[in-house]
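Biologist: I would like to go through the terms used for this model and hear the grounds for each. Please set each value against its cut-off.

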Amino acid sequence: MSCSICYERFTSPVSLPCGHVFCRECIQRTVDTIKCCSVQHFCPTCRAAYNVVTIDSSLIPPYLRPHVLPPIRPVFFGSGSPSSPASAESSHQNTAASIGRVTAEADALRTSCITWRQRAEVHAAANAALLGFARKAKEAALRMRSERDAARSECLVLKRKLSEIM
Ligand SMILES: [Zn+2]
Ligand SMILES: [Zn+2]
């Protein structure tokens with residue numbers, strides 16, 4: 001059993017809501033990479049989204065507390081005796097590990113980029129709709145103003161006629 005980010009045997013494994021397991025350190029690193037811009041993160045393996053929000057447990061009714069799990073939670077495997085790898089293999093694994101980490105970070109960034117781009121597109125569309133609406137409103141206002149002016153002059157004419165008759 002090894003972490004798909006660092007390709008090493010798990011050190012303090014944690015599980016995401018989708019069930020994929022990573023080292024706590026590895027997943028924390030991907031979270032830290034985009035923590036500044038988003039609380040939404042994606043599983044490096046299956047891209048399932050999960051939110052990293054720390055919930056104040058005092059806000060949760062006591063009977064519900066046991067059911068509220070943190071998004072990243074520790075996993076315990078059966079009694080496996082981890083044997084330390086040979087040193088040559090270890091340095092190879094270190095390289096693989098840093099590649100894995102950088103890849104996972106890049107993936108996390110890319111995924112969050114896609115989300116942000118989608119959000120930006122939604123906002124742009126909303127803005128365009130709003131601009132269109134504003135333009136229509138202005139046109140309508142202009143039309144109504146000219147109708148009002150026409151009505152006003154017609155009214156003046158009628159008033160004049162009326163005073164002539166009286
Ligand atoms: Zn790892
Ligand atoms: Zn997953």
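Biologist: What share of the contacts between residues at least 6 apart in sequence joins residues at least 24 apart?

Modeller: In this predicted model the share is 50%. A contact here means heavy atoms within 4.5 Å.

Biologist: How does the radius of gyration of the protein stand against that of a compact globule of 166 residues?

Modeller: The protein has 32 Å, whereas such a globule would have a radius near 15 Å. The C-alpha trace spans about 115 × 45 × 20 Å along its principal axes. Of the 166 residues, 22% are buried.

Biologist: Which residues are the protein donors of the zinc ion (ligand 1), and how do you know that they are donors?

Modeller: They are Cys3, Cys6, Cys23 and Cys26, each through SG, at 2.2 to 2.4 Å from the ion. The cut-off for a donor is 2.8 Å, so these atoms qualify. Along the chain their spacing is C-x2-C-x16-C-x2-C. Both cysteine 3 and cysteine 6 are buried.

Biologist: Why is the arrangement around the zinc ion (ligand 1) called tetrahedral?

Modeller: The four donor atoms subtend angles of 105 to 115 degrees. Four donors count as tetrahedral if all angles lie between 85 and 135 degrees, and therefore the term applies to this site.

Biologist: What coordinates the zinc ion (ligand 2), and what makes its site tetrahedral?

Modeller: Cys18 (SG), His20 (ND1), Cys43 (SG) and Cys46 (SG) coordinate the zinc ion (ligand 2) at 1.8 to 2.4 Å. The angles among the four donor atoms are 106 to 113 degrees; the limits are 85 and 135 degrees, so the site is tetrahedral. The donors are spaced C-x1-H-x22-C-x2-C in sequence.

Biologist: Which parts of the chain do histidine 20 and cysteine 43 tie together?

Modeller: Histidine 20 sits in the loop between strand S1 (13–15) and strand S2 (21–23), and cysteine 43 in the loop between strand S3 (40–42) and strand S4 (49–51). The pair therefore links parts that are 23 residues apart in sequence.

Biologist: Why is histidine 20 called partly exposed, and why does cysteine 43 count as buried?

Modeller: Histidine 20 has 27% relative accessibility. Buried means under 20% and exposed over 50%, so histidine 20 is partly exposed. Cysteine 43, at 0%, is under the 20% limit and therefore buried.

Biologist: What does UniProt place at residues 3–47?

Modeller: The unreviewed UniProt entry gives the feature "domain: RING-type" there. Over residues 3–47 the chain is 24% helix and 20% strand, with the end C-alpha atoms 16 Å apart.

Notes:
Residues are numbered from 1 along each chain as its sequence is written. Chains are lettered from A and ligands numbered from 1 in the order in which they are written. This is a predicted model: local features need pLDDT of at least 70, side-chain atom pairs count only at pLDDT 80 or more; totals for chains, interfaces and linings use all residues. Side-chain values use heavy atoms; hydrogens and water are left out. Donors are N, O and S atoms within 2.8 Å of the metal (3.2 Å for Na, K and Ca); water is not among the atoms, so sites may look incomplete. Four donors count as tetrahedral if all angles lie between 85 and 135 degrees; four count as square planar and six as octahedral if opposite donors are over 155 degrees apart and all others between 65 and 115; anything else is irregular. Buried means under 20% relative accessible area, exposed over 50%, partly exposed in between (1.4 Å probe, protein chains only). UniProt positions are given in the numbering used here, feature names are shortened, and annotations may be inferred rather than shown by experiment. Helices (H or I, at least four residues) and strands (E, at least two) are DSSP runs, numbered from the N terminus. The radius of gyration is taken over C-alpha atoms; the globule rule is 2.2 Å times the number of residues to the power 0.38.
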